[in-house]
Amino acid sequence: MAETIQIQVNGEQRGCGADATVGDLLRELAIKTERVAVELNLEILDRKDFDHQSLKQGDRVEILSFIGGGV
Amino acid sequence: MTDDRLIIAGRELKSRLWVGTGKYKDFAETKKAIEASGADVVTVAVRRVNITDRSKENLLDYLDPKKYTILPNTAGCYNVEDAVRYARLARAAGVSDLIKLEVLGDERTLFPDTAGLIEAAKILIKEGFIVLPYTNDDPIVAQKLVDIGCPVVMPLAAPIGSGLGIRNPYNLKIIMEMIKVPIIVDAGVGTASDAAFAMELGADAVLMNTAIAGAQDPIAMAEAMKYAVYAGRLAYKAGRIPRKLYATASSPIEGML
C-alpha cells in the first residue's frame with residue numbers, strides 16, 4: 001500500500017499520497033488551476049509551481065477562488 | 001457623451017456604473033442584471049473553494065474577464081494583515097493587479113478603518129498593486145490615499161447595504177473638488193435617484209451591489225441604475241442652475257396686457 005500523509009485543505013483534514021504535489025491534489029479535487037489561488041502554509045504559490053510543489057505531513061493548504069461579492 | 005470615457009490606471013472604461021456580484025439568486029440572474037446595468041467593472045470576493053461539492057459552478061464562467069474588468073475586493077477583512085493577504089490571493093487567482101481595498105473597522109456599520117486602509121494601501125502599492133480604496137467620506141483621508149499612490153478614491157455614500165443614499169453630499173462635494181483623481185461613490189445607494197445625485201455632485205462613477213441585487217426586480221433596477229448614472233452624468237456636465245430662494249419668471253413680462 002502506498003504511503004499516505006495527513007494534510008489540511010481549506011480547514012479540513014484529508015489524506016493524500018506521500019509523493020503528491022499541489023497539482024495532484026487539485027486534480028484529485030477536480031479543481032481547475034486557472035483562477036484559483038493556492039496558499040501553502042501561508043505562502044502563496046505561483047501557479048507554475050503547482051506541479052513541482054510536493055506536500056508533506058501536516059501541510060496546510062488553502063484553495064481560493066472568486067465568488068459573488070460586492071461593496 | 002461618446003468621448004466621455006473614464007480612464008483609471010490606464011484602462012478606459014465605458015460605464016460609470018460599477019456593480020457588485022453578491023446577493024443574487026443565482027449566477028444566471030447575476031449575469032442578466034449585470035448585462036442590464038451596462039456596467040463593465042464588476043467586483044468579486046475571494047473565498048475558499050468548496051472542496052466537498054465540486055458541482056458548483058464558477059462565477060467567472062458567467063462573467064467573461066475579456067468583456068468585464070474584474071475587480072476583486074478584500075471584503076470581510078478587519079485588519080491590515082488580512083486585507084493584504086486577500087489582495088495577494090486575489091492577484092494570484094486572477095487577472096490583474098487591481099484590488100478594491102477594504103479594511104473594515106466595525107461589523108455593525110462596516111465603516112472603513114481608514115488608518116488600517118492607508119497602511120494596507122502603502123504595502124500593496126509597493127508590491128505593484130493598483131489600489132482602489134473604499135473609504136469614508138473624509139476629504140483628508142481621501143487626499144492621503146492619493147498622496148500614497150491610489151489612482152482613485154472610493155468614498156461611501158452611506159453604510160454598505162443600507163440603501164440610505166447620499167448621507168453627506170457636502171463632504172462628497174468637497175472630496176470631488178479637492179481630489180484630483182477619479183472619485184467613485186461606493187456603497188449606500190438605495191435607488192436610482194441616489195445614483196443620479198452622486199453623479200450630479202460630480203462623481204466619476206458609482207459602485208453598488210445591494211441596491212440592484214436586493215431590489216424586487218433586480219434586472220429592472222439594474223437598467224434603472226444605468227439610466228440614472230447616465231442622466232446624472234449628463235446633468236453634471238450640463239451644469240445645473242443656481243438655487244435661489246425666490247421665483248424667476250420663465251415667461252416674459254413684455255407683451256402682457
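In the predicted model, Thr69(B) contacts Leu13(B), Asp40(B), Val41(B), Val42(B) and Leu98(B), leaving aside neighbours within four places in sequence. Thr69(B) lies in strand β5 of chain B, which spans residues 69–72. Its relative accessibility is 18%, so Thr69(B) counts as buried, the cut-off being under 20%.

The largest nonpolar core holds 70 residues. Within this core, Leu101(B), Met208(B) and Met225(B) touch the most other members. Helix α2 of chain B (residues 80–93) gives the most to the core, contributing seven residues. Beyond four places in sequence, Leu101(B) is in contact with Thr74(B), Ala83(B), Leu117(B), Ala120(B), Ala121(B) and Leu124(B), and also with Val131(B), Leu132(B), Pro133(B) and Tyr134(B). A second core is separate and has 20 residues. Among them are Ile5(A), Leu29(A), Val36(A) and Leu40(A).

Helix packing was examined for one pair in chain B, α6 and α8. Two packed helices are described by the angle and the distance between their axes. Helix α6(B) covers residues 192–201 and helix α8(B) residues 218–238. Their axes come within 7 Å and cross at roughly 25°. Angles under 35 degrees count as roughly parallel, and α6(B) and α8(B) are therefore roughly parallel to each other. The crossing is right-handed. From α6(B), the contact involves Ala192(B), Ala195(B), Ala196(B), Met199(B), Glu200(B) and Leu201(B). These residues meet Ala224(B), Met225(B), Ala228(B), Val229(B), Gly232(B), Arg233(B), Ala235(B) and Tyr236(B) of α8(B). By class, the contact of α6(B) with α8(B) comprises eleven nonpolar residues, one polar and two charged.

How values were computed
Residues are numbered from 1 along each chain as its sequence is written. Chains are lettered from A and ligands numbered from 1 in the order in which they are written. This is a predicted model: local features need pLDDT of at least 70, side-chain atom pairs count only at pLDDT 80 or more; totals for chains, interfaces and linings use all residues. Side-chain values use heavy atoms; hydrogens and water are left out. Axes are lines fitted to C-alpha atoms, for helices over the stretch in contact, and angles run from 0 to 180 degrees between N-to-C directions. Helices (H or I, at least four residues) and strands (E, at least two) are DSSP runs, numbered from the N terminus. Angles under 35 degrees count as roughly parallel, over 145 as roughly antiparallel, 65 to 115 as roughly perpendicular and the rest as oblique. A crossing is left-handed if the near helix is turned anticlockwise from the far one by less than a right angle, and right-handed if clockwise. Contact means heavy atoms within 4.5 Å. Ala, Val, Leu, Ile, Met, Phe, Trp, Tyr, Cys and Pro count as nonpolar, Asp, Glu, Lys and Arg as charged, and the others, Gly among them, as polar. Buried means under 20% relative accessible area, exposed over 50%, partly exposed in between (1.4 Å probe, protein chains only). A nonpolar core is a set of buried Ala, Val, Leu, Ile, Met, Phe, Trp, Tyr and Cys residues joined through side-chain atoms within 4.5 Å.
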